[in-house]
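Welcome! Let us walk through this structure together, one part after another. Take a look before reading on.

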Amino acid sequence: VKLALGGCVPADCMVLDGKPIQVDQSAMTGESLPVTMRKGDTAKMGSNVVAGEIDACVVATGSETFFGKTAAMINSVEEEGHFQKIIWSITLFLLAVSFLLVAFIMAVMLIDGSTFLETLSICVVLLVASIPIAMQVVCTSTMALGSHALAKKNAIVSRLAAIEEIAGMDMLCSDKTGTLTANEMVFARCCIQGKDPGDFRKSQGAEAVAAARSALTTPGSAMHDPMKLFFTSL
């Protein structure tokens with residue numbers, strides 16, 4: 001396959017002979033700057049080529065790629081949530097109480113002279129009626145309604161128990177580079193040793209930004225750090 005500027009890497013590809021390219025892998029690895037790929041390096045599926053053009057050989061597709069293995073690891077996690085633990089604890093407690101009460105009732109009925117079959121039939125009915133079978137169904141239905149309400153606000157819920165868990169969350173830590181943010185620097189103002197130079201023109205900053213961006217987006221251009229190009233152009 002040919003990896004070129006602006007294209008998305010279709011699979012895990014090993015870079016072949018040619019000039020190095022720069023690949024934005026922020027969505028995959030959280031790296032804030034593009035990574036330079038040379039011969040023998042592997043570009044990950046889902047990353048974007050931001051500079052250069054080169055041929056590459058596909059080494060993995062689908063579930064065998066870095067992205068596919070990461071998704072499989074996430075889906076394989078079956079940790080029991082806090083909400084499920086509470087429901088399970090309540091169910092076990094009610095079952096224990098039910099068994100104790102049924103055993104007590106059975107003993108009293110047998111002492112009073114009731115037949116064993118009559119006592120057994122009554123105790124089985126009481127035991128079945130006391131088991132909280134519908135608790136899980138009611139809780140799931142309630143959380144499904146909450147998921148529907150969140151979907152109207154463009155929030156995707158992949159696990160129903162997460163609704164209750166996120167309600168009790170105190171702090172959320174997230175990698176923002178390439179996910180919550182666009183990984184693009186914006187020139188605001190120039191400040192030298194804590195002072196704003198009066199003769200500095202904003203157009204100078206715009207020209208420096210344009211020079212750095214041009215060096216990164218022009219096919220066949222030399223690979224340099226955009227920050228160095230920016231300050232060199234000032």
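A strand here is a DSSP run of E with at least two residues, a helix is a run of H or I with at least four residues, and both are numbered from the N terminus. Two strands pair if DSSP finds at least two bridges between them. What you see is a predicted model, in which local features need pLDDT of at least 70 and side-chain atom pairs count only at pLDDT 80 or more, while totals for chains, interfaces and linings use all residues. Residues are numbered from 1 along each chain as its sequence is written, and side-chain values use heavy atoms, with hydrogens and water left out.

Let us begin with strand β3, which spans residues 21-24 and pairs with β6 in the antiparallel sense over 3 bridges. Within this pairing, Val-23 has Val-49 of β6 as its bridge partner. Both strands belong to an open sheet of 3 strands, ordered β4-β3-β6, with antiparallel pairing. At its edges are β4 (35-37) and β6 (48-51), each pairing on one side only. From one strand to the next, the twist averages 45°; axes are lines fitted to C-alpha atoms, for helices over the stretch in contact, and angles run from 0 to 180 degrees between N-to-C directions.

Next comes an open sheet of 4 strands, again with antiparallel pairing, in the order β1-β7-β2-β5. Its edge strands are β1 (2-4) and β5 (42-43); each has a single partner strand, so one side of each is left without a neighbour in the sheet. Strand β7, residues 53-60, runs antiparallel to β1 and is joined to β1 by 3 bridges. Here Leu-3 stands opposite Ile-54 in β7.

How many disulfides are there? Taking a disulfide as a pair of cysteine sulfur atoms within 2.5 Å, the count is 0. For Cys-8, the nearest cysteine sulfur belongs to Cys-13 and is 9.9 Å away. For Cys-13, the nearest is that of Cys-57, at 7.9 Å. Is Cys-13 buried or exposed? With buried meaning under 20% relative accessible area, exposed over 50% and partly exposed in between (1.4 Å probe, protein chains only), Cys-13 counts as buried at 0%, whereas Cys-8 is partly exposed at 49%.

Finally, turn to the helical part. An unreviewed UniProt entry annotates residues 86-111 and 117-145 as "transmembrane region"; UniProt positions are given in the numbering used here, feature names are shortened, and annotations may be inferred rather than shown by experiment. Residues 86-111 are 100% helix and 0% strand, with end C-alpha atoms 38 Å apart. Residues 117-145 are 90% helix and 0% strand, and their end C-alpha atoms lie 45 Å apart.
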